[in-house]
Amino acid sequence: MVRHSLALVALFAVSANAQSPDIRGVWKPVEVVVTAGPDSGTHTSDMQPGLFIFTDRHYSTTYVDGFAVRPMMSASPTDEERVRIWRPFVGSAGTYVVKDSMLSVTAAVAKNPAAMSGRTSTVQVRVLADSLWLIVREAGSAKEAGGIERRMKCVRMERFPSK
């Protein structure tokens, strides 16, 4: 789950190109398709909450990575309990660029400090009407070589006006 979080956080950040898909607006994840591994299959009813917000140049994303509801924290949580609750939460904000079918993101702030290193991360993006698909391949492996691909479908909750 954490490997996927880093890849999805990397999805988001650097300035939109006019010939590229318009992703401006607020998006809600509604489906994830995982091609291999313990989470393989299509996930819809077990999707956890999240929001992706894209303005003209900036993004903000918060979501729960995984397919299980996070447990409530007890009155006196242990460190293990805190980790179980905090680990699947993903949050970052920064700038983004869309060029052709690629979304590149650079986080200015993120839950994971490594995401704020100034590196730009890129994922494939596809927009069909009011559906946004974010396609992530596990780092260092190709689908043909047995790697895992995650395709997250988001629906547009709100559209931002054009400039």
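A salt bridge (a side-chain nitrogen of Lys or Arg within 4 Å of a carboxyl oxygen of Asp or Glu) joins the side chains of R24 and D22, with an N to O distance of 2.9 Å. The model is predicted, so local features require pLDDT of at least 70 and side-chain atom pairs count only at pLDDT 80 or more, whereas totals for chains, interfaces and linings use all residues. Residues are numbered from 1 along each chain as its sequence is written, and side-chain values use heavy atoms, with hydrogens and water left out.

Accessibility was classified by relative accessible area: buried under 20%, exposed over 50% and partly exposed in between (1.4 Å probe, protein chains only). By this criterion R24 is buried, at 10% relative accessibility, while D22 is partly exposed, at 33%.

In total, the structure contains nine salt bridges. One of them pairs E80 with R84 at 3.2 Å, N to O. These residues lie four residues apart in helix 2 (residues 79-86), which means that about one helical turn separates E80 and R84. Helices (H or I, at least four residues) and strands (E, at least two) are DSSP runs, numbered from the N terminus. E80 is exposed, with a relative accessible area of 58%; R84, at 43%, is partly exposed.

A further salt bridge connects R137 and E149, whose closest N and O atoms are 3.0 Å apart. This pair links distant parts of the chain, with R137 in strand 9 (residues 131-137) and E149 in strand 10 (residues 149-158), 12 residues apart. R137 is partly exposed at 42% relative accessibility, whereas E149 is buried at 4%. Salt bridges with shared partners also join D22, R24 and D56 into one network.

Three aromatic pairs are present in the structure. F54 and Y96 form an edge-to-face pair, at 5.0 Å centre to centre and with 75 degrees between the planes. Here, rings of Phe, Tyr and Trp (its six-membered ring) pair if their centres lie within 6.5 Å; planes under 30 degrees apart count as stacked, over 60 as edge-to-face and the rest as tilted. Distant parts of the chain are linked by this pair, F54 belonging to strand 4 (residues 50-54) and Y96 to strand 6 (residues 89-99), 42 residues apart. F54 and Y96 are both buried. The rings of W86 and F89 form a stacked pair, because their planes are at 25 degrees and their centres 5.5 Å apart. F89 is partly exposed, at 24% relative accessibility.
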